[in-house]
Amino acid sequence: MVKRSLQGSLAGIQQAKKAFAHKGWTQENLAFEVNLKTRQPIWRFFSGRPVERHIFIEICSVLSLNWREIAANPPEEFPESKELGAAEFLDIDALVQQVRSQRFDKIQDQCGTLQLLDVSRPVKIDDIYIDVNILEEIASFQWLEFADLQKFTSKEFERFGLGEVSQIQIAGITAVETYSKLRVLGKPGAGKTTFLQHLAIQCNRGRFAANRVPIFVTLRDFADESKEAEEFHLLNYICKEFLTCGISDPSVLETLLLEGRVLLLLDGLDEVLQQQSKGVVNEIRRLSEKYQKNMFVVTCRTAAKAFNLRRFTDVEIAPFSQDQIVAFAQKWFTALTKTNIQDKQEQAVKFIEKLDLPENLQFRRLAVTPLFLHLACWVFHHQNKFPTQKAAFYKQCLDLLLSKWDEAKGIERDEVYEGFLLPQKLKLLSQVANTTFEQGNYFFEQHIVEQYISDYISDLPNASTEPEQLQLDSESVLQAIELQHGLLAERVRGIFSFSSLTFQEYLTARQIVANHNLQALEQPLERLVNHITEPRWREIFLLTVAMLRSADFLVQLMKQQVDALVAQDPYLQKFLTWASQKSLASPPQPAATRAFYLALARTPHLTQHFALACILDRGIFLDAALDNLVMECTIDCKSNFADVHACEDALSDALAIVQDAGLRQALQQLKDLLPDPEQSKERFQTWWQKSYPTWMERLKAIIAKHRNIEHHWHFSPEQQQVLQQYYDANQLLIDCLNSNCEVTDVVRQEIEASLLLPIKELSEREWQGL
């Protein structure tokens with residue numbers, strides 16, 4: 001007779017109490033986690049009294065304990081103790097609870113842990129799972145005009161199709177409760193299988209669909225067994241699985257299905273080989289239509305949506321939101337690092353802070369996918385920072401998608417493009433990325449990308465020359481790339497893009513480097529520098545310079561292109577000459593000094609100038625203070641005496657750091673001319689109308705005379721635009737030099753010394769051989 005209750009041994013109870021204390025819960029908390037209405041069973045458990053078997057097992061599960069190690073005289077495996085038949089149960093609820101009890105361990109073992117990539121041990125699903133959100137409107141099912149998508153900026157591209165543009169999200173579990181037949185789509189690594197495992201565990205514990213029996217089927221395994229048996233019969237397959245739990249009577253499963261008491265979770269429809277997919281799909285249809293009262297959830301990659309499941313509602317897993325990323329990181333560092341709890345939490349906080357920095361935008365783009373978020377956490381944990389070699393990280397992500405992810409899951413795919421090795425796949429994708437990016441296209445029509453693929457295939461050995469066959473091959477390759485790797489995704493019907501702009505940027509840079517290494521006739525680096533003023537090419541420059549074996553030639557080309565931006569404008573050359581003269585007073589950091597005066601003239605009166613001035617020298621700090629003085633002393637007719645006080649205070653601050661006697665005297669005289677705050681408003685207005693304009697001009701003249709600072713650089717709108725491009729391009733050049741790239745010391749020093757110099761001085765340096 002199978003024991004219907006269990007009680008803990010003395011040693012087991014002590015072990016359980018330690019685990020309970022570690023959780024920091026009350027008995028009420030534990031009762032809630034076990035889905036109990038009262039804490040009496042919890043008290044009985046810790047008192048060593050008998051507790052119902054399924055409650056005893058659930059308490060141990062929640063405390064992360066092996067119930068057999070806690071129980072006194074644990075019985076043999078339940079399934080072997082007694083076979084179960086439907087005829088014994090007149091009450092369907094009693095049958096459901098008995099089957100749930102006998103299958104409890106099976107579901108916990110089948111779905112309770114995850115094997116994360118590059119992690120040597122299984123991780124409990126409760127320790128890492130984050131509730132997913134669902135998109136009810138799937139972007140790739142929509143019809144949109146290509147012209148509408150072409151208008152998207154890079155920022156809008158990232159938002160489109162990621163659940164952030166006119167798409168309502170609902171909780172994943174709500175979608176399952178709403179639709180009894182649900183197909184959950186998602187990109188590779190989106191968390192489809194994990195979501196299904198979570199549903200199974202929650203149902204197993206009675207927290208979701210407590211009146212149903214959870215059944216989890218990996219469709220790939222079902223297809224393999226069906227192939228050997230030469231028939232597709234899902235009901236028989238599940239009955240065999242029930243046998244392992246001691247349920248040999250087929251009428252048990254039949255009764256549960258007829259009464260609508262099954263939660264059937266079918267994972268990985270896309271993982272079934274093409275020749276077996278029809279049989280699997282037909283069997284799912286047959287079972288779901290025969291037993292309509294049950295709940296069915298099927299997972300499938302978005303690209304495999306062509307498999308038609310009648311009467312199933314299609315939804316798609318939404319990318320992680322910021323809150324989900326934060327929650328995942330907190331769980332990840334708590335579960336997978338071997339430090340104390342405080343250090344784990346601190347590293348999670350640091351990870352999020354670094355991820356949100358502008359320079360880590362590319363990592364943030366990828367982190368919306370759980371697979372890449374896990375990889376980012378793993379790298380950050382080992383380096384305590386995000387890698388400076390972004391290209392190496394992106395390569396790792398692509399290798400993962402192109403080969404390792406399916407291998408890690410033991411998935412065998414149909415090799416549509418036979419003979420394509422990993423380097424050839426990367427070469428094809430790089431050509432598509434480079435061509436589309438150069439054209440400014442984040443989106444491209446299906447026939448266009450198929451033509452790119454056809455062009456590539458036609459150059460392969462033994463390729464068909466028949467246009468019709470090439471067209472069929474290119475269609476098959478595109479389908480394979482979308483289904484197997486997800487790197488190219490159908491965003492709306494007939495229109496594709498790369499799944500992430502980060503991958504398109506990386507592959508574009510990879511193609512530029514490959515062409516340069518092959519000494520291609522189109523001079524790829526010369527073409528690249530033509531885009532130096534275009535913000536969307538910034539990441540391409542940084543990736544390219546990092547991947548080149550020697551970046552000397554590229555950074556020199558960039559320097560020439562930057563200087564040429566302002567070479568033909570005499571007024572801008574005069575301005576750069578003035579900035580160069582000012583830098584002579586600060587010999588240790590002349591380039592930084594020139595950058596300061598360039599910023600001061602373009603955008604005067606900004607508090608940020610003080611931050612830069614503080615790290616240079618006293619004279620530059622004085623110039624920043626005088627610039628602030630001009631701003632504080634700009635008084636309009638509506639101003640009051642408070643503005644006069646502000647002007648007076650700014651004058652006092654400037655006088656405190658002035659060392660030149662002539663400048664000090666001139667500023668003091670101006671200060672003495674300010675109106676007395678005790679005067680009436682009428683007298684202030686009279687001073688403002690008659691004396692203020694002259695007073696202000698004297699202030700500017702004094703600063704110009706003693707500090708050579710002009711407050712009347714009059715740039716046209718076109719010149720302002722050129723100066724902004726010039727400034728940004730110089731910043732990009734500096735960022736490239738400061739990246740982890742291979743640049744010789746001679747080239748680096750020459751570029752750094754000649755930054756922001758006028759053409760005349762650059763020519764003199766070249767003539768002198770500097």
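## Contacts and packing in a predicted model

Thr369 touches Pro188, Gly189 and Ala190, leaving aside residues up to four places away in sequence; contact means heavy atoms within 4.5 Å. Thr369 sits in the loop between α19 (361–366) and α20 (370–383). Thr369 is buried, with a relative accessible area of 19% (buried: under 20% relative accessible area, 1.4 Å probe, protein chains only).

This is a predicted model, where local features need pLDDT of at least 70 and side-chain atom pairs count only at pLDDT 80 or more. Residues are numbered from 1 along each chain, and side-chain values use heavy atoms, without hydrogens and water.

The elements discussed below are DSSP runs: helices (H or I, at least four residues) and strands (E, at least two), numbered from the N terminus.

| Element | Residues |
|---|---|
| α22 | 422–438 |
| α23 | 446–458 |
| β13 | 488–492 |
| β14 | 495–498 |

The axes of α22 and α23 come within 10 Å and cross at roughly 135 degrees. Axes are lines fitted to C-alpha atoms over the stretch in contact, with angles from 0 to 180 degrees between N-to-C directions. The crossing is right-handed. From α22, residues including Leu428 and Val432 take part in the contact; from α23, Tyr452 and Ile453 are among them. By class, this contact has six nonpolar, four polar and one charged residues.

Strand β13 is mostly covered, with five of its five residues buried. Four bridges join β13 to β14, and the two run antiparallel; pairing requires at least two DSSP bridges. Ala489 stands opposite Ser497 in β14. The two strands form a hairpin with two residues between them. In the turn, Gly494 has a positive phi of about 80 degrees.

Technical notes. Left-handed = near helix turned anticlockwise from the far one by under 90°. Nonpolar A, V, L, I, M, F, W, Y, C, P; charged D, E, K, R; others polar. Buried < 20%, exposed > 50% of the residue type's maximum accessible area, 1.4 Å probe, protein only.
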